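User: I am new to protein structures and would like to learn how to read one, feature by feature. Could you take me through an example?

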Amino acid sequence: MKKTHKKSKFVETKYLNLKQSPVEQTLKNIEIEALATIKKASSPETLKEIEVEYLGRKGKLTHLLRGLKDLPKEQKPFFGKLSNEIKTNVERSFANKLQELENQKLKKDLSQEFFDTTIPAKKRKVGHIHPIYKIQEEVEQIFNNMGFSIMDGPEVESEYYNFETLNIPKNHPARDMQDTFFLQDKDDEKHGRFVLRTHTSPVQVRAMEKYGAPLRIIIPGRVFRYEATDASHDSTFDQVEGLLIGKDVSLSHLKGIMAEMLSTLFNADVKVRFRPGYFPFVEPGLELDFSCLLCEGIGCKACKNTGWMEFMGAGMVHKNVLKAGGVDPEEYQGWAFGFGLTRLAMMKHLIPDIRLISSGDIRFTRQFN
Ligand code: DAH
């Protein structure tokens with residue numbers, strides 16, 4: 001009878017929860033005690049202490065669990081399972097309580113923290129547009145307002161567009177005016193070798209081919225020359241090309257447009273003048289100067305005492321160039337110009353050395369913020 005009772009004990013406790021063995025009772029008591037203590041913990045620090053008290057290496061629960069190994073073999077599965085459940089339960093309770101206490105602490109910290117809304121914000125360091133591209137945007141805006149579209153072309157150009165279409169045939173001495181970098185690759189027979197474009201003028205022909213006439217465009221872009229560098233020459237610089245093609249186009253339009261562009265850009269009353277000049281792609285060709293901004297025409301070091309600043313090349317587009325672009329010279333005429341954007345930026349900001357512009361020295365660029 002006694003024996004049977006002992007054997008059936010697990011069945012009773014497991015399913016009816018009537019009588020519990022002393023081991024089971026101790027285990028459950030520890031569980032109840034641990035859960036109650038955890039519940040009362042008022043800070044993460046005390047909670048930590050409680051955790052050590054129960055689950056630490058010498059903790060109450062740990063101690064008890066270790067003792068289970070001495071139980072009779074047949075009781076082990078039941079107590080093993082029970083003790084695992086208790087352990088998991090206590091551990092979960094610790095984790096939940098810790099989360100709860102930390103949330104409380106955070107809320108308290110935030111509500112107690114004084115937040116001064118009048119403190120000036122920290123200035124964030126952001127970059128800014130390079131002086132060359134700042135002036136490019138200004139120039140684009142001004143021309144755009146006068147009805148010009150902005151166009152783009154390839155920096156790696158063919159000999160055909162860079163020279164031939166612009167009335168500079170092979171072996172013509174004018175090619176020497178713009179010695180450049182050639183690539184090893186060749187385009188086809190017609191287009192010749194690839195070159196780094198020496199000017200933005202080839203886009204004139206590309207635009208005529210694509211859009212025909214009439215046309216009113218500017219082409220800002222980077223150009224390259226095989227050049228010994230000094231304070232006013234660099235092998236890489238930026239230009240702005242202009243092209244206006246229509247039925248009644250004259251150089252007086254060019255004069256008006258350039259005076260307007262420069263006056264707006266410099267926010268002053270800028271005068272322009274023409275001088276004769278030679279460029280193979282225009283006839284007649286000319287040079288345009290504008291009145292010196294520093295001395296207002298009196299004469300100073302900047303304008304070499306002439307009162308004028310040399311600014312750009314221009315002229316009436318040569319018949320051969322119109323033809324190369326597929327435009328009929330009997331029906332249309334136009335003018336073109338090309339100026340150095342880099343030089344313009346240097347004049348506007350009084351930059352003494354062109355090499356500073358692409359030096360990458362932030363002490364230089366930061367001055368134009
Ligand atoms: N392409 C010339 C250069 O780079 C500048 C130029 C001169 C452009 C006269 C023109 C022009 O369109 O008509 O030196």
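This is a predicted model: local features need pLDDT of at least 70, side-chain atom pairs count only at pLDDT 80 or more; totals for chains, interfaces and linings use all residues.

User: How should I read a sheet, and in what order do the strands stand here?

Analyst: Strands of a sheet pair through backbone hydrogen bonds, and the pairing is either parallel or antiparallel. Helices (H or I, at least four residues) and strands (E, at least two) are DSSP runs numbered from the N terminus, and two strands pair if DSSP finds at least two bridges between them. In this model 7 strands form an open sheet with mixed pairing, in the order S1-S5-S6-S10-S9-S8-S7. S1 and strand S7 (272-276) stand at the edges with a single partner strand each, so one side of each has no neighbour in the sheet.

User: Which way does S5 run relative to S1 and to S6, parallel or antiparallel?

Analyst: Strand S1 (residues 149-150) and S5 run parallel and are joined by 2 bridges, with Ile 217 in S5 as the bridge partner of Ser 149. S5 and S6, by contrast, run antiparallel and are joined by 10 bridges; there Leu 215 has Ile 245 in S6 as its bridge partner. On its other pairing, S6 is joined by 8 bridges to strand S10 (residues 333-340), again antiparallel, and Leu 243 stands opposite Ala 336 in S10.

User: How many residues of S5 are buried?

Analyst: A residue is called buried under 20% relative accessible area, exposed over 50%, and partly exposed in between, using a 1.4 Å probe and protein chains only. Strand S5 (residues 215-224) is mostly covered, since 8 of its 10 residues are buried.

User: Which residues are closest to the ligand?

Analyst: A residue counts as near a molecule if one of its heavy atoms lies within 4 Å of it. The ligand is surrounded by 16 residues, and the closest are His 199, Ser 201, Arg 225, Gln 239 and Glu 241. A polar contact is a pair of N or O atoms within 3.5 Å; within protein, one must be able to donate a hydrogen and the other to accept it, and residues adjacent in sequence count only if both atoms are side-chain atoms. A side-chain N or O atom of His 199 is 2.9 Å from a nitrogen atom of the ligand.

User: What is the nearest side chain of opposite charge to Glu 241?

Analyst: For charges, Lys and Arg count as positive and Asp and Glu as negative, while His and the chain ends are not counted; a salt bridge is a side-chain nitrogen of Lys or Arg within 4 Å of a carboxyl oxygen of Asp or Glu. Glu 241, found in strand S6 (residues 236-246), is buried yet has no salt bridge, and the nearest side chain of opposite charge, Arg 225, is 8.4 Å away. The side chain of Glu 241 does make polar contacts with the side chains of Ser 201, at 2.9 Å, and Gln 204, at 2.7 Å.

User: Where are the cis peptide bonds, and which residues have a positive phi although they are not glycine?

Analyst: Most residues other than glycine have a negative phi, and most peptide bonds are trans. Here a cis bond joins Ala 213 and Pro 214, with omega about -5 degrees, and Pro 214 sits in the loop between helix H8 (202-211) and S5. Another cis bond joins Glu 283 and Pro 284, with omega about 0 degrees, and Pro 284 lies in strand S8 (residues 282-291). As for phi, Asn 171 has a positive value of about 65 degrees and is exposed, with a relative accessible area of 77%. Leu 350 has a positive phi of about 55 degrees; Leu 350 lies in the loop between helix H11 (341-349) and helix H12 (362-365), and counts as exposed at 57% relative accessibility.

Key: Residues are numbered from 1 along each chain as its sequence is written. Side-chain values use heavy atoms; hydrogens and water are left out.
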